[in-house]
Amino acid sequence: MYFLSFETSTKIFSLALNQDEKVLRFRNLKSALVLEDAILPAIDKMLALAKIKFSQIDGFAIALGPGSFTSLRVGLATVKAFAMSTEKPVVGIPTMDIIASGVAMKGCDEICVINDARRGNVYACLYGPQGRKGDYLLTTLDALLDKVHGRTLFVGDGLGVYRKDIETAYQKYSHQKNSPCQCSFADEKYWHPQSRVMASLAYQRFSFKKYDDAASLLPLYLYPEDCQVSTAK
């Protein structure tokens with residue numbers, strides 16, 4: 001099957017075209033254009049380069065966030081329109097799952113995805129060898145650090161704001177607990193969700209026909225009181 005994957009939760013629009021597990025084309029676009037004006041031309045160009053017609057696309061995948069609410073709405077509205085007009089399946093993938101899947105856990109007990117949610121908060125989620133360990137969080141850094149332990153790999157754009165604070169907290173914790181706790185940090189190139197990584201997660205869903213309902217699919221936005229959108233399941 002051919003399917004398109006869209007990631008619009010950050011300032012970088014990421015798009016991938018797959019044939020089953022194989023990524024045929026992918027592109028990360030930081031455009032001066034308004035996102036809604038950049039999506040269709042990017043898709044047209046990618047399909048043309050791959051010599052694939054839009055009518056050959058068998059499904060769509062969209063990142064659900066959390067992230068920039070405006071960008072999420074634009075991406076989700078586009079994919080909903082595609083899926084509903086073509087009657088092709090769609091799957092939604094949480095953004096933090098994409099980021100966590102882009103790094104290896106080698107030498108670590110857990111991965112902590114930490115994204116800047118502004119207002120002194122972070123979006124975060126913990127992952128172990130068996131996958132996600134708990135809920136997607138909107139929390140403070142201090143509250144997050146109470147949940148991590150052992151050898152933790154941190155990844156996400158929150159490191160641009162909080163890396164030194166995390167290092168300081170781990171030094172204190174290790175000293176006070178007399179434990180081998182360590183923190184490490186993924187390279188900046190892994191901080192942002194990539195559509196080619198997302199495509200691998202999406203293909204698993206397509207393979208087992210675990211589709212979402214396009215009409216009711218919502219972004220995962222953890223400030224529901226601000227935007228009056230319910231948290232996605």
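The side chains of Gln194 and Asn28 are joined by a polar contact of 2.6 Å (a pair of N or O atoms within 3.5 Å; within protein, one must be able to donate a hydrogen and the other to accept it, and residues adjacent in sequence count only if both atoms are side-chain atoms). This is a predicted model, where local features need pLDDT of at least 70 and side-chain atom pairs count only at pLDDT 80 or more, while totals for chains, interfaces and linings use all residues. Residues are numbered from 1 along each chain as its sequence is written, and side-chain values use heavy atoms, leaving out hydrogens and water.

Gln194 lies in the loop between strand S11 (182–185) and helix H6 (195–207).

Not counting residues up to four places away in sequence, Gln194 touches Ser14, Asn28, Ile98 and Lys189, with contact meaning heavy atoms within 4.5 Å. With neighbours within four places in sequence left aside, the contacts of Ser9 include Gly65, Leu72 and Pro193.

Now to the helices. The axes of H1 (residues 35–50) and H2 (residues 69–86) come within 10 Å and cross at roughly 45 degrees. Leu35, Glu36, Ile39, Leu40 and Ile43 of H1 meet Ser71, Val74, Gly75, Thr78 and Phe82 of H2.

Technical notes: Axes are lines fitted to C-alpha atoms, for helices over the stretch in contact, and angles run from 0 to 180 degrees between N-to-C directions. Helices (H or I, at least four residues) and strands (E, at least two) are DSSP runs, numbered from the N terminus.
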